[in-house]
Each structure stands twice: as structure tokens, then as C-alpha cells.
Amino acid sequence: MNEIYKAGWIGRRIFGRLRSLDRLCSSRSGGIVDVERFGLRWRLYVRGNVADSRLLLRPDAFEPVEVDAILGLVDRDFVFLDVGANCGFYALRIAHAAADSERGQIIAVEPHPGMRRRLEFNVELNSSRGVHVLGCAVGDRNGTARLSEGAKNLGTSRISDEGSIYVELRTLLDIATARRLERIDAVKVDVEGFEDRVLDPFLRDAPDRLLPRMIVAEHSWSGTWESDWMSRAASRGYREHARTRQSNVILVRQ
């Protein structure tokens, strides 16, 4: 559908008709729709999760700069960590591009139990054996944390002392060590204001061989960060490549 939308005025008219059809189908199916996007199959829950709705209605506008930047790095041994994986939009697209990888790994981390089950279903739907789903949160320590559920958008669920869902909490370095990773090519972090707790300790403690070539992180919560992880990144050889319309920052290692 994204190719149709890009095909000028006629393409947009066709896209509009298809979008209306998708809405009609979703209303008749209780908000659950099975579709194909980017050569992949998806089961989308368009009520209560913005990422699913975007993938259904405007897949071309779903963080294209960020995804294309990561896709441009994909090689035969590609290793990608998707922290805050949601329905699997990043993880499955990267896995699809790296399908011929011999030693690569795609690690998708999603702490919300319901969203994790949706992610696992989409992984299974595409027989993506190269995608490893972890049902934990990522932060600055190993232990437990409380997850506050996004009432109208599960994608806004976040670590909070007021949360009612208890989840395992692990550091990014602990995950990389447990997976016996020898390299990391790219990391995407979208955790609703917890980005600094994920990235600062990792950039402080990780050996050079594990420093990813690219970091994509949500930037809209920067006012709530407790540490300046971007300065830490600069001290480890990163430079800012872009800030996107979707409030993400892309860093590359020089």
C-alpha cells in the first residue's frame, strides 16, 4: 500500500479508498485486521494501539527515515536490538531484510504482556525464526519494575512507580552478554522517557566491540531524562546524524 500512496494524485485517491475499506473491515472485525505490509503479514489491533493503526492506514509514514537508516546497514551477520518493540514493526522489517543472515540476531524486547503476545503472534505469522522476543523491560539495573499501562494507547506504557504491572528489568549489557553477542549493529530504543536509563549505563560500561554502529532513540521525552546519555555517546565516538519528524534522534558511530 505504501507504493500506491507514493504514486501521485491517483495513488492517493486509491489509498483513500483502501483506507476506508480497511476502516470498514476493522469495525466489523472488532478492531482486529489481518493485512500484508512491506511483504510481511500482520495481525493488527487498531483500537488502543497507535502503532497498529499507523501500520494499517499509513505504512509509508511510519518512521521511514529511521527504518531506512537501519536497513541501509543490514549485512549477512546483522545484529539488531529493538527495545520497546511494540507490534514488531522494526524487528520484523529488519529480520525480513536480514533473512539470509547466517549468524545475525534480531532481539525484540517488549515488557507489556498483552503487547508481547501480539508481537509473538506476528513473529510466528511470518515464520521469523531469527527474531528472539524477550518479555522484560530494559533499564539501569537488573531486578523488577512497575509498568504503567497506556489506557488509550498500549504503545505509551512506561516504567513508573505508579504502575500496576510488575515486570522483569534488565540492563542492555546484561541482555547482550546473555545472548553472547560479539557485535551489535543497531539499537532502537522507544521506551517513553526511560531512554537514558537504557542507554547511559550501556554506553558507560559496554566494550568497544559491542557499541552499535547506529542508535535510534525517541527524543520527545528528553526533558524528563535523568542523565545526558547523548553526551556519553559523543564521548564514545558517536555523532548526531538526524532528528526526525517523528521525534527520534539517529546517532552513528564514527
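Strands and helices in a predicted model

Colleague: In which sense do strand E3 (residues 79-83) and strand E10 (residues 186-189) pair?
Modeller: The model is a predicted one. Strands of a sheet pair through backbone hydrogen bonds, either parallel or antiparallel. Four bridges join E3 and E10, and Phe80 stands opposite Ala186 in E10. The sense of the E3 and E10 pairing is parallel.

Colleague: Which strands stand at the edges of the sheet?
Modeller: Seven strands make up an open sheet with mixed pairing, in the order E5-E4-E3-E10-E11-E13-E12. An edge strand here has a single partner strand, so one of its sides is left without a neighbour in the sheet. The strands at the edges are E5 (131-134) and E12 (238-243).

Colleague: At what angle does H5 run to E3?
Modeller: Helix H5 lies across several strands, including E4 (105-109), E11 (214-218) and E13 (248-253). E3 is also among the strands it lies across. The angle of H5 to E3 is about 165 degrees.

Colleague: How many of the nine residues of H5 are buried?
Modeller: A residue counts as buried under 20% relative accessible area. In H5 that holds for Phe89, Tyr90, Ala91, Leu92, Arg93, Ile94 and Ala95. H5 is therefore mostly covered, and the number of buried residues is seven.

Colleague: What is the handedness of the crossing of H4 and H5?
Modeller: The axes of H4 (residues 64-71) and H5 (residues 89-97) come within 10 Å and cross at roughly 35 degrees. The contact is made by Glu66, Val67, Ile70 and Leu71 of H4 with Phe89, Tyr90, Arg93, Ile94 and Ala97 of H5. By class, seven of these residues are nonpolar and two are charged. The crossing of H4 and H5 is right-handed.

Conventions: Residues are numbered from 1 along each chain as its sequence is written. This is a predicted model: local features need pLDDT of at least 70, side-chain atom pairs count only at pLDDT 80 or more; totals for chains, interfaces and linings use all residues. Side-chain values use heavy atoms; hydrogens and water are left out. Axes are lines fitted to C-alpha atoms, for helices over the stretch in contact, and angles run from 0 to 180 degrees between N-to-C directions. Helices (H or I, at least four residues) and strands (E, at least two) are DSSP runs, numbered from the N terminus. A crossing is left-handed if the near helix is turned anticlockwise from the far one by less than a right angle, and right-handed if clockwise. Contact means heavy atoms within 4.5 Å. Ala, Val, Leu, Ile, Met, Phe, Trp, Tyr, Cys and Pro count as nonpolar, Asp, Glu, Lys and Arg as charged, and the others, Gly among them, as polar. Buried means under 20% relative accessible area, exposed over 50%, partly exposed in between (1.4 Å probe, protein chains only). Two strands pair if DSSP finds at least two bridges between them.
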